[in-house]
Amino acid sequence: MRTKTEGTHRDDDAATSTPASTAVLDVENLTVRYKVADGDFTAVDNVSFRVAPGERVAIVGESGSGKTNTCLAIAGVLTHPNAVIEADAITFQGTSIAQRKRKRLPQRIPGLAMVFQDASTSLDPVWTVGSQLVDILRATQQISYKNAKAKAAEWLLKVGMVDHQRVMKSRPYELSGGMRQRVMVALALAGSPRLLIADEPTSALDATLSRDIMQLLVALTTEMSTGLILVTHDIHLAQAFTERMLVMYGGRIVEEGASSTLDTTAVHPYTQALMRSVPTLESADLDVLPTIPISATGQHDPAGGCSFLPRCDKAHDACAVPPQRTELGGGYGAACWLAAAESELALTAPAKGA
Ligand SMILES: Nc1ncnc2c1ncn2[C@@H]1O[C@H](COP(=O)(O)OP(=O)(O)OP(=O)(O)O)[C@@H](O)[C@H]1O
Ligand code: SF4
Ligand SMILES: [Mg+2]
């Protein structure tokens, strides 16, 4: 990764109330561009945020908004030859990881683990679950083979595998989808990471299994004080299992708020529309769920201005200039020219059910 020498530095408390000195992860102005036939395509555009130790942060937003690229770039596993990654700073546990040289094969960052949507493509099909767990344990701890084997069995029990001895000897393809996802959780956490990035970890599972796996992830990360970045399309999951939500649109973080209240306090028209489109008990009576209009120009407005402009029902003259982030207190904020006024409205609106 090469670092930018120019560019805007955000205010120290702009992205979150977590001070940089105590954050487990501090990302400043991360940009990912792809060299494509007709120029550059910006997949991630000046993204800045922090994660406090043990904090659970959700990244939500529609398909193509840049969630995965943000995570892959941070973890150092975005090795696509056409990708150009720039950042003013990416600091993990107080150490800069922005200066890493791009290598053909991804480099592991000690203390940072990832879980992906599809366990079947992430687990090694050749080796048994037990040997993969033993490898991780021995790579991250000074531990004998015998002790690592015992610990591997303990980890399988921790993630709910009652018949852990059979699972130890199984290859990933011999397990069900839910079991493979549990094995992924064990592999990710066995090295005692300080931060776990989980990109759609449950979207391949049904609703009940999905909640079970999330409960497991949250219980284990809480026990270990491990921070969690959860990438998801499922707003209910983000509300239930995280403390802070980052809403991405067109490669940018357009709003940052408290997960439990963002459905009523959202000030960015995209977040408001996203929250309205989530099915609720109240909306069950509606014939048609609210949707977000499709833009004729795509996610990045080629003429500049606010990237949501072509789809925004509140657009006005000022929106021809890209909005800066407006601070809304408590480390929260939104990038919309109407943010301050909308924030007043949200604060004075009656609470749901009142
Ligand atoms: N190799 C590539 N070349 C060009 N553009 C790419 C490449 N990989 C990703 N992109 C683009 O980058 C943008 C962001 O992709 P990303 O996968 O980060 O989105 P996402 O928010 O994770 O979407 P989803 O919710 O579908 O997983 C998309 O528009 C995508 O098409
Ligand atoms: S800046 Fe303008 S176009 Fe963009 S979200 Fe706000 S009101 Fe809509
Ligand atoms: Mg993705």
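A residue is buried if 20 or more other C-beta atoms lie within 10 Å of its own, exposed if 12 or fewer, and partly exposed in between. The legends below use these words for a predicted model.

**Figure 1. Strand S9 is buried on both faces.**
Strand S9 spans residues 195-199. One side carries Leu 195, Ile 197 and Asp 199. Five of the five residues of S9 are buried, so the strand is largely enclosed by the rest of the structure.

**Figure 2. S9 pairs with strand S8 and with strand S10.**
Strand S8 covers residues 112-115 and pairs with S9 in the parallel sense. Four bridges link S8 and S9. Look for Val 115: its bridge partner in S9 is Ala 198. Strand S10, residues 227-231, also runs parallel to S9, over five bridges. Ala 198 has a bridge partner here too, Leu 230 of S10.

**Figure 3. The largest nonpolar core holds 95 residues.**
Which members touch the most others? They are Leu 133, Ala 186, Ile 229 and Val 247. Helix H6, residues 177-190, gives the core its largest share, nine residues. Now follow Ala 186. Setting aside neighbours within four places in sequence, Ala 186 is in contact with Leu 133, Trp 155, Leu 156, Lys 158 and Val 159. In soluble globular proteins, nonpolar side chains tend to be buried together.

**Figure 4. Strand S2 pairs with strands S3, S6 and S5.**
Strand S2 is residues 25-36, and strand S3 is residues 39-51. S2 and S3 pair in the antiparallel sense over nine bridges. A hairpin of two residues connects S2 to S3. Leu 30 stands opposite Val 47 in S3. S2 also runs antiparallel to S6, with four bridges between them. There, Glu 28 has Ala 89 of S6 as its bridge partner. Strand S5, residues 83-87, pairs with S2 as well, in the antiparallel sense and over four bridges. In S5, Ala 83 is the bridge partner of Tyr 34.

**Figure 5. The shell around ligand 1 has 14 residues.**
The closest residues are Ala 43, Ser 63, Lys 67, Thr 68 and Asn 69. Three elements, S2, S3 and helix H1 (67-75), each supply at least two residues of the shell. Which element gives the largest share? H1 does, with three residues. By type, the shell has four nonpolar residues, nine polar and one charged.

**Figure 6. Helix H1 is mostly covered.**
Nine of the nine residues of H1 are buried. Among them are Lys 67, Thr 68 and Asn 69, which also belong to the closest residues around ligand 1. The buried residues of H1 also include Thr 70, Cys 71, Leu 72, Ala 73, Ile 74 and Ala 75. Gly 76 follows H1 and has a positive phi, near 80 degrees.

**Figure 7. The shell around ligand 2 has 13 residues.**
Which residues come nearest? They are Cys 306, Cys 312, Ala 315, Cys 319 and Cys 336. How does the shell divide by type? Eleven residues are nonpolar, one is polar and one is charged.

**Figure 8. Gln 93 and Ser 192 have a positive phi.**
Most residues other than glycine have a negative phi. Gln 93 is not a glycine, yet its phi is positive, near 50 degrees. Gln 93 sits in the loop between strand S6 (89-92) and strand S7 (95-96). Is Gln 93 buried or partly exposed? Gln 93 counts as partly exposed because it has 16 C-beta neighbours inside 10 Å. Ser 192 is not a glycine either, and its phi is positive, about 50 degrees. The loop between H6 and S9 holds Ser 192. With 13 other C-beta atoms within 10 Å, Ser 192 is partly exposed.

**Figure 9. The chain has eleven helices and 14 strands.**
The chain has 354 residues, and 45% of them count as buried. Take the contacts in the chain with a separation of 6 or more: residues 24 or more positions apart account for 62% of them.

Note on methods
Residues numbered from 1 in each chain as written. Chains lettered and ligands numbered in written order. Predicted model: local features only at pLDDT ≥ 70, side-chain atom pairs only at ≥ 80, totals over all residues. Near = placed C-beta within 6 Å. Nonpolar A, V, L, I, M, F, W, Y, C, P; charged D, E, K, R; others polar. Core = buried A, V, L, I, M, F, W, Y, C linked by C-beta atoms within 7 Å. Contact = placed C-beta atoms within 7 Å. Pairing = 2+ DSSP bridges.
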